[in-house]
Amino acid sequence: MAANSTNKHPKVSEMVLLSIAMLNDRNGSSVQAIKKYISSNFNVEGKKISVYIKRYLLMAVASGTIIQTKGKGAAGSFRLGGGMKLKMSELLSKFHEHKAVPSTSNKEQSDSPPTKKGKKPKKNKTELKATSRAI
C-alpha cells in the first residue's frame, strides 16, 4: 500500500498547535476542544485522527513545546510552551494560505450591512409600580 503523499491538511503537529493558539483558553485547551476545532476547521475526520493527536500531545509535553495544565497522559488541558508563542506567526500564515481559496461566495453576500432590530424601551420601576397601584 502506498501512502497518499498529497494531504489536504497540514501536519498534525501544526493543527494541534494552531488549535491551542486559536482556542486561547486561560487554563489550557482540553483534548475534546482541540479535536473539535481540528475536525471543524480542517478537512479531517475526528475519529480517524484522534490517535495521532494524542500521540503528538504526549510527545510535545515530553519535549516542552506544550505544557499540560491538568490531567495525566493524553487527557486534560494543554497550553503552548514559552518558545512556541513566537513561532505561531509562521503557523498562522500557513493556516491562512491553506484556508484562503474556497471562501469567495460568502464575501459577495456579506457586503450588505446587517440590519439592526430596534429595542423596545424598557419601563422604569417607578412606572411599573404606578401602573400596578392603579389597578
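In this predicted model, a residue counts as buried when its relative accessible area is under 20%, and as exposed when that value is over 50%.

Q: What makes Ser29 a buried residue?
A: The relative accessible area of Ser29 is 1%, and since the cut-off for buried is under 20%, Ser29 is called buried. Ser29 lies in strand β1, which covers residues 29-30.

Q: Which residues does Ser29 touch, not counting residues up to four places away in sequence?
A: Ser29 touches Ile20, Leu23, Asn24, Ile34, Gly76, Ser77 and Phe78. One of these, Ser77, is 48 residues away from Ser29 in sequence, yet their C-alpha atoms are 5.0 Å apart in space.

Q: Is Ser77 buried or exposed, and how do you know?
A: Ser77 has a relative accessibility of 10%, and because buried means under 20%, Ser77 counts as buried. Ser77 belongs to strand β3, residues 77-80, and, with neighbours within four places in sequence left aside, Ser77 is in contact with Asn27, Gly28, Ser29, Ser30, Ile67, Gln68, Thr69 and Lys70.

Q: Why is Asn24 called exposed?
A: The relative accessibility of Asn24 is 62%, and exposed means over 50%, so Asn24 is placed in the exposed class. Asn24 sits in the loop between α1 and β1.

Q: What value does phi of Asn24 take?
A: Phi of Asn24 is near 50 degrees, which is a positive value in a residue other than glycine.

Q: Why is α1 said to be roughly perpendicular to α2?
A: Helix α1 (residues 12-23) and helix α2 (residues 31-41) pack at an angle of about 105 degrees, with their axes 9 Å apart. Because angles from 65 to 115 degrees count as roughly perpendicular, α1 is described as roughly perpendicular to α2. On the α1 side the contact is made by Met15, Val16, Ser19, Ile20, Met22 and Leu23, and on the α2 side by Ala33, Ile34, Tyr37 and Ile38. These residues divide into 9 nonpolar, 1 polar and no charged.

Q: How do you know that α1 and α3 are roughly perpendicular to each other?
A: The axes of α1 and helix α3 (residues 46-63) cross at roughly 75 degrees and come within 10 Å. The range for roughly perpendicular is 65 to 115 degrees, and therefore α1 and α3 are given that description. Val12, Ser13, Met15, Val16 and Leu17 in α1 meet Ile49, Tyr52, Ile53, Tyr56 and Leu57 in α3, and the residues of this contact divide into 9 nonpolar, 1 polar and no charged.

Q: What makes the pair of Glu45 and Lys48 a salt bridge?
A: The closest N and O atoms of Glu45 and Lys48 are 3.9 Å apart, and because a side-chain nitrogen of Lys within 4 Å of a carboxyl oxygen of Glu is enough, the pair is called a salt bridge. By this rule the count comes to 1 salt bridge. In general, side chains of opposite charge can pair when their charged atoms come close.

Q: Why does Lys48 count as exposed?
A: Lys48 has a relative accessibility of 59%, and since exposed means over 50%, Lys48 counts as exposed.

Q: How many helices and strands does the chain have, and what part of the chain is buried?
A: The chain has 6 helices and 3 strands, which follow the pattern α-β-α-α-β-β-α-α-α along the sequence, and buried residues make up 24% of the 135 residues.

Conventions:
Residues are numbered from 1 along each chain as its sequence is written. This is a predicted model: local features need pLDDT of at least 70, side-chain atom pairs count only at pLDDT 80 or more; totals for chains, interfaces and linings use all residues. Side-chain values use heavy atoms; hydrogens and water are left out. Buried means under 20% relative accessible area, exposed over 50%, partly exposed in between (1.4 Å probe, protein chains only). Helices (H or I, at least four residues) and strands (E, at least two) are DSSP runs, numbered from the N terminus. Axes are lines fitted to C-alpha atoms, for helices over the stretch in contact, and angles run from 0 to 180 degrees between N-to-C directions. Angles under 35 degrees count as roughly parallel, over 145 as roughly antiparallel, 65 to 115 as roughly perpendicular and the rest as oblique. Contact means heavy atoms within 4.5 Å. Ala, Val, Leu, Ile, Met, Phe, Trp, Tyr, Cys and Pro count as nonpolar, Asp, Glu, Lys and Arg as charged, and the others, Gly among them, as polar.
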